[in-house]
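Here's a quick walk through the fold and its aromatic rings. Have the model open while you read.

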Amino acid sequence: MSNQSSRPALTDLLSSARVVSLPLRARFRGVVDREVMLFEGPNGWAEWSPFLEYPDEEAAVWLSAAIEFAFGKTPALLRDRIAVNATLPAVSPDQVETVLSRFGSFGTVKIKVAEPGQTPGQDVDRIVTVRKLYPEAKLRLDANGGWSPELSFSFIKALAGQGIQLEYLEQPCKTVDELARLRQMIAESSFNVPIAADESVRKASDPMLVVEAEAADILVLKAAPLGGLSRALEIARGAGLPVVVSSALDSSVGISMGAQLAAALPDLRFDCGLGTASLLAGDVTREPLIPVDGFIDVRRVEVDQQKLDIFEAEDHRIDWWIDRLDRAFKHLN
């Protein structure tokens with residue numbers, strides 16, 4: 001929040017703060033549970049859940065987003081439900097159907113690739129299995145910056161050789177320069193695979209650099225890492241590129257913020273990555289924001305106190321989060 005006078009005091013956040021550890025159905029980003037802090041404001045509940053390894057300064061950006069969602073203004077919403085993709089972690093081929101069945105019906109699958117410790121061959125096996133099981137689904141890949149431009153291009157070529165067309169390839173390379181080089185390689189070829197930028201937007205000191213470098217065709221926006229709904233909407237307006245709204249393995253409370261972002265965008269042509277509550281084996285509400293017929297509703301989530309008790313983190317983890325909150329709060333502008 002830019003106006004410090006409108007910011008709640010730290011004691012206001014702590015008065016309702018709860019820390020939970022939510023189990024995952026399959027390993028995702030190297031973790032088997034998701035720790036989040038929740039607190040309540042005049043608008044309802046908000047989630048603060050920067051990943052554990054993130055430094056305090058980066059965690060403070062996520063905190064700004066949570067404070068805005070609980071205490072700030074709600075943007076004008078243009079739709080009441082959002083089309084979402086299914087998300088497939090880097091599982092083995094024999095697990096693909098089990099994981100994706102939890103999403104119900106869907107038109108798009110986002111497949112995680114470039115998992116540390118796995119090979120490109122394992123990625124290909126996973127993708128081919130998805131294509132066989134769901135021949136009509138659109139496929140998009142997310143490499144989280146794990147590939148070089150050359151490996152990315154080879155991967156695109158190999159999939160094309162098997163008749164697999166990608167909707168887009170998300171953050172295949174780590175740097176903006178590498179993304180720009182890959183995009184040029186694609187432009188000079190017979191392939192037509194758009195490049196989407198995620199980390200190059202949300203983890204950049206200037207999210208517009210990837211746009212200025214013409215290094216992406218699509219932007220992936222996540223409200224929490226960008227500092228909140230208003231900042232994410234500002235980036236979307238300034239970029240002039242198609243946008244996909246995604247989550248960061250949030251509880252349903254965090255997903256409700258992403259749903260508001262998606263609902264506030266004038267143009268929303270892609271299915272959004274907001275169906276990831278289906279990856280959780282536990283949530284903080286009795287009415288989670290899980291996809292129904294490929295959509296989630298745009299609504300605030302009612303937190304259930306019994307769920308908070310069931311999934312409450314261990315005491316030493318609660319203390320860790322409270323200390324982290326104190327440190328991150330001091331970084332707010």
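What follows covers the overall build, then the ring pairs.

Keep in mind that this is a predicted model. The chain holds 13 helices and 12 strands. Its radius of gyration is 19 Å, close to the 20 Å that the globule rule gives for 333 residues, so the chain is as compact as a globular protein of that length. Along the principal axes, the C-alpha atoms fill a box of roughly 60 × 40 × 35 Å.

Of the 333 residues, 56% are buried. Among contacts with a separation of 6 or more, 71% join residues 24 or more positions apart.

| Pair | Centre to centre | Angle between planes | Geometry |
|---|---|---|---|
| Tyrosine 54 and tryptophan 62 | 5.9 Å | 65 degrees | edge-to-face |
| Phenylalanine 153 and phenylalanine 191 | 5.7 Å | 65 degrees | edge-to-face |

Phenylalanine 153 sits in helix 5 (residues 149-161) and phenylalanine 191 in the loop between helix 6 (176-187) and strand 9 (195-197), so this pair ties together parts 38 residues apart in sequence.

How buried are these rings? Tyrosine 54 and tryptophan 62 are both buried. Phenylalanine 153 counts as buried because its relative accessibility is 18%, under the 20% cut-off. Phenylalanine 191, with a relative accessible area of 22%, is partly exposed.

Elsewhere, ring pairs link Trp48, Trp320 and Trp321 into a cluster.

Conventions: Residues numbered from 1 in each chain as written. Predicted model: local features only at pLDDT ≥ 70, side-chain atom pairs only at ≥ 80, totals over all residues. Heavy atoms only, no water. Helix = DSSP H or I, 4+ residues; strand = E, 2+ residues; numbered from the N terminus. Rg over C-alpha atoms; globule rule 2.2 N^0.38 Å. Buried < 20%, exposed > 50% of the residue type's maximum accessible area, 1.4 Å probe, protein only. Contact = heavy atoms within 4.5 Å. Phe/Tyr/Trp six-rings, centres within 6.5 Å; stacked < 30°, edge-to-face > 60°.
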